[in-house]
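Q: I have a new structure to read. Please show me how to go through it, feature by feature.

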Amino acid sequence: MGRFAKALSRKHEKKYKKSEERVEAAEKKSKHAVQHATTKQLIEDRTIMAGAYDTLTLIFDVAVHETFGWGVDMRTRLHKKMARHILCMKSRLVTTKDIERILRDEVNMEPEKEELNIDSWGRERRIQYKATGDLSAIFLLSLLDEFGYKTRRLDRVYKAASRIANKLKTGKVTALDLEKSLAPRGKRVLLD
């Protein structure tokens with residue numbers, strides 16, 4: 001091989017090496033971007049889920065307060081029971097379908113679910129919908145486990161929660177109004 005061929009060969013090797021390094025760098029950059037986006041997405045998803053849980057907990061608090069006249073102590077007891085069920089769900093010991101099956105078998109009740117076209121929804125709305133299904137089932141199961149409430153009472157409080165959620169959705173009441181309705185006597189705001 002002549003001198004010119006060797007030089008050309010070295011030039012191609014350098015070029016090949018540089019392009020290989022570029023490809024590796026681009027791969028690292030894209031992996032980092034995907035990893036960062038995934039982490040960011042997970043944080044956003046958890047924020048959305050936490051917001052949905054907070055809103056639903058407020059709705060359920062107002063529902064039991066209006067339906068049964070519960071005060072802070074009873075609601076705290078309910079929250080503790082719901083927290084245990086949420087931990088079981090997060091650790092994948094139980095699923096929402098399992099809880100719904102338990103409710104169906106024990107009290108002949110299922111949380112109402114509308115037939116919705118979820119495919120056209122955005123990510124945030126799908127997460128909120130899942131949180132609503134999960135927490136509704138946990139709420140009813142907690143009332144069954146902790147307080148022994150059966151079909152009539154569960155149905156009454158679930159309908160009250162649905163009514164409150166619809167008012168909140170349509171803007172007839174705000175979350176602040178709901179919080180005020182839970183205030184001690186003398187400081188309360190009536191919803192109806």
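**Reading the rings, helices and loops**

A: Start with Tyr-149, which counts as buried because its relative accessibility is 9%. Buried means under 20% relative accessible area, exposed means over 50%, and partly exposed lies in between (1.4 Å probe, protein chains only). This is a predicted model: local features need pLDDT of at least 70, side-chain atom pairs count only at pLDDT 80 or more, and totals for chains, interfaces and linings use all residues. Residues are numbered from 1 along each chain as its sequence is written, and side-chain values use heavy atoms, with hydrogens and water left out.

Q: How many helices and strands does the chain have?

A: Helices (H or I, at least four residues) and strands (E, at least two) are DSSP runs, numbered from the N terminus. Here the chain has 6 helices and 0 strands. From the N terminus on, its elements run α-α-α-α-α-α. Of the 192 residues of the chain, 32% count as buried.

Q: How do I read contacts along the chain?

A: Contact means heavy atoms within 4.5 Å. Take contacts between residues at least 6 apart in sequence: 69% of them join residues at least 24 apart.

Q: How is a pair of aromatic rings described?

A: By the distance of the centres and the angle of the planes. Rings of Phe, Tyr and Trp (its six-membered ring) pair if their centres lie within 6.5 Å; planes under 30 degrees apart count as stacked, over 60 as edge-to-face and the rest as tilted. The structure holds 7 aromatic pairs. In one of them, Trp-70 and Phe-147 have ring centres 4.6 Å apart and planes at 50°, so this pair is tilted. It links distant parts of the chain: Trp-70 is in the loop between α1 (3-68) and α2 (72-90), Phe-147 is in helix α4 (residues 123-147), and they are 77 residues apart.

Q: Are Trp-70 and Phe-147 buried or exposed?

A: Trp-70 is buried, with a relative accessible area of 5%. Phe-147 is buried too, at 17%. Trp-70 also forms a tilted aromatic pair with Tyr-149, at 6.0 Å centre to centre and 45° between the planes. That pair again links distant parts of the chain: Tyr-149 is in the loop between α4 and α5 (151-170), 79 residues from Trp-70.

Q: Which residues do ring pairs link into a cluster?

A: Phe-68, Trp-70, Phe-147 and Tyr-149. Look at the neighbours of Trp-70 as well. Not counting residues up to four places away in sequence, Trp-70 touches Val-64, His-65, Arg-75, Leu-78, Leu-143, Phe-147 and Tyr-149.

Q: Where does a charge sit over a ring?

A: The test is NZ of Lys or CZ of Arg within 6 Å of the ring centre and within 35 degrees of the ring normal. The charged end of Arg-153 sits over the ring of Tyr-149, 4.6 Å from its centre. The charged end of Arg-125 sits over the ring of Trp-121, 4.0 Å from its centre.

Q: Which residues of the largest nonpolar core touch the most other members?

A: A nonpolar core is a set of buried Ala, Val, Leu, Ile, Met, Phe, Trp, Tyr and Cys residues joined through side-chain atoms within 4.5 Å. The largest has 40 residues, and Trp-70, Leu-78, Ile-99, Phe-139 and Leu-143 touch the most other members. α1, α2, α3, α4 and α5 each supply at least two residues of this core.

Q: How do I read one helix?

A: An α-helix has 3.6 residues a turn, so residues three or four places apart point the same way. In α5, the buried residues include Leu-154, Val-157, Tyr-158, Ala-161 and Ile-164. Next, check the span: the expected value is 1.5 Å times one less than the number of residues. α5 has 20 residues and reaches 28 Å from its first C-alpha to its last, close to the 28 Å expected. α4 has 25 residues and reaches 36 Å, close to the 36 Å expected.
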